[in-house]
Amino acid sequence: MAETGQLVRAVGRAMGMTFKNFFRKPVTVQYPTVKRVYPDRFRGILALAYEKDTGEEACIGCRLCEFICPPQVIKVEMLKAEKRNFAKTFTLELYSCEFCELCVQVCPTDAIIMLKTFDLATADRRELLLDKDRLHALGVQHEPSWATGNRLRDMQAPPKAARADAKGEAKGEAKAESKAEAREPAE
């Protein structure tokens with residue numbers, strides 16, 4: 001008898017939730033015609049950025065992103081120049097990317113960024129093999145995410161004032177200990 005009562009209550013709760021949501025307005029976004037607004041910290045597909053000051057490509061071909069990438073989907077060749085280095089080639093196999101964001105975090109020039117979009121659906125995997133020109137075009141076409149390498153490193157680093165205070169306190173404690181040892185008579 002107790003099991004029947006529990007079953008009736010469970011069915012009643014489930015049906016109550018169904019009737020409650022039955023009359024609510026749907027929250028479905030009609031995707032191709034209505035674009036969803038993403039939060040500032042949304043991290044989508046990867047792209048390459050240009051330097052804001054000079055308009056040159058920001059990638060210096062240092063290959064840090066290639067070395068840190070867990071699935072090894074980034075390939076970079078460096079082109080040495082007189083003033084600075086550039087990436088001769090930069091390819092990204094987006095179909096195998098884990099979107100772990102490690103490449104963004106290690107980039108010293110904020111050249112590789114994440115965008116506030118994921119719209120790169122295709123039926124052909126070859127279209128997800130992105131070269132340098134396509135990555136730059138994506139960076140210009142879509143809005144960048146808040147998360148750049150420098151911002152992420154600053155966010156994860158300990159506060160600078162606390163570090164300086166800790167060093168000062170440690171030095172002060174060491175001086176106080178050495179003075180106390182000097183005052184104590186030797187036995």
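Modeller: Gladly, and let us begin with the word pocket. A pocket is an open set of grid points with protein on both sides within 12 Å along at least five of seven lines, and a residue lines it if it has an atom within 4 Å of a point. Please keep in mind that this is a predicted model.

Biologist: Which residues of the lining lie nearest the centre of the largest pocket?

Modeller: Ala49, Lys52, Asp110, Ile113 and Thr148 do, out of 16 lining residues. The volume of the largest pocket is about 410 Å³. Both H4 and helix H5 (149-156) contribute at least two residues to the lining.

Biologist: What makes up the lining of the largest pocket by class?

Modeller: Seven of the lining residues are nonpolar, five are polar and four are charged.

Biologist: How do you know whether Thr148 is buried or exposed?

Modeller: We set its value against the cut-off. Buried means under 20% relative accessible area. Thr148 has 17%, so it is buried. Thr148 sits in the loop between H4 and H5. Leaving aside residues up to four places away in sequence, Thr148 touches Val104, Asp110 and Ile113.

Biologist: What makes two strands count as paired?

Modeller: The test is at least two bridges between them. Strand E2 (residues 74-79) and strand E3 (residues 86-93) are joined by six bridges and run antiparallel, so they pass the test of at least two. E3 and strand E5 (residues 129-130) have two bridges, also in the antiparallel sense, so this pair meets the cut-off of at least two as well.

Biologist: Why are E2 and E5 said to stand at the edges?

Modeller: The open sheet has three strands in the order E2-E3-E5, with antiparallel pairing. E2 and E5 each have a single partner strand, so one side of each is left without a neighbour in the sheet.

Biologist: What makes a group of residues a nonpolar core?

Modeller: The members must be buried residues of the nonpolar kinds, joined through side-chain atoms within 4.5 Å. The largest such core here has 32 residues, and Leu46, Ile74, Phe90, Leu92, Leu94 and Ile112 touch the most other members. Strand E1 (46-48), E2, E3, helix H3 (102-106), strand E4 (112-114) and helix H4 (132-141) each supply at least two residues of this core.

Biologist: What does Ile74 touch?

Modeller: Apart from residues up to four places away in sequence, Ile74 touches Cys65, Glu66, Cys69, Phe90, Thr91, Leu92, Cys103 and Ile112.

Biologist: Why do you point out the phi angles of Phe99 and Glu101?

Modeller: Most residues other than glycine have a negative phi. Phe99 is not a glycine, yet its phi is positive, about 55 degrees. Glu101 is not a glycine either, and its phi is positive at about 75 degrees. Phe99 is placed in the loop between E3 and H3, and Glu101 is placed in the loop between E3 and H3 too.

Technical notes
Residues are numbered from 1 along each chain as its sequence is written. This is a predicted model: local features need pLDDT of at least 70, side-chain atom pairs count only at pLDDT 80 or more; totals for chains, interfaces and linings use all residues. Side-chain values use heavy atoms; hydrogens and water are left out. Helices (H or I, at least four residues) and strands (E, at least two) are DSSP runs, numbered from the N terminus. Buried means under 20% relative accessible area, exposed over 50%, partly exposed in between (1.4 Å probe, protein chains only). Contact means heavy atoms within 4.5 Å. On a 1 Å grid over the protein atoms alone, a cavity is a set of points where a 1.4 Å probe fits but cannot get out, and a pocket is an open set with protein on both sides within 12 Å along at least five of seven lines; lining residues have an atom within 4 Å of a point. Grid points are joined across faces, edges and corners, and a volume is the space filled by probe spheres set on the points. Ala, Val, Leu, Ile, Met, Phe, Trp, Tyr, Cys and Pro count as nonpolar, Asp, Glu, Lys and Arg as charged, and the others, Gly among them, as polar.
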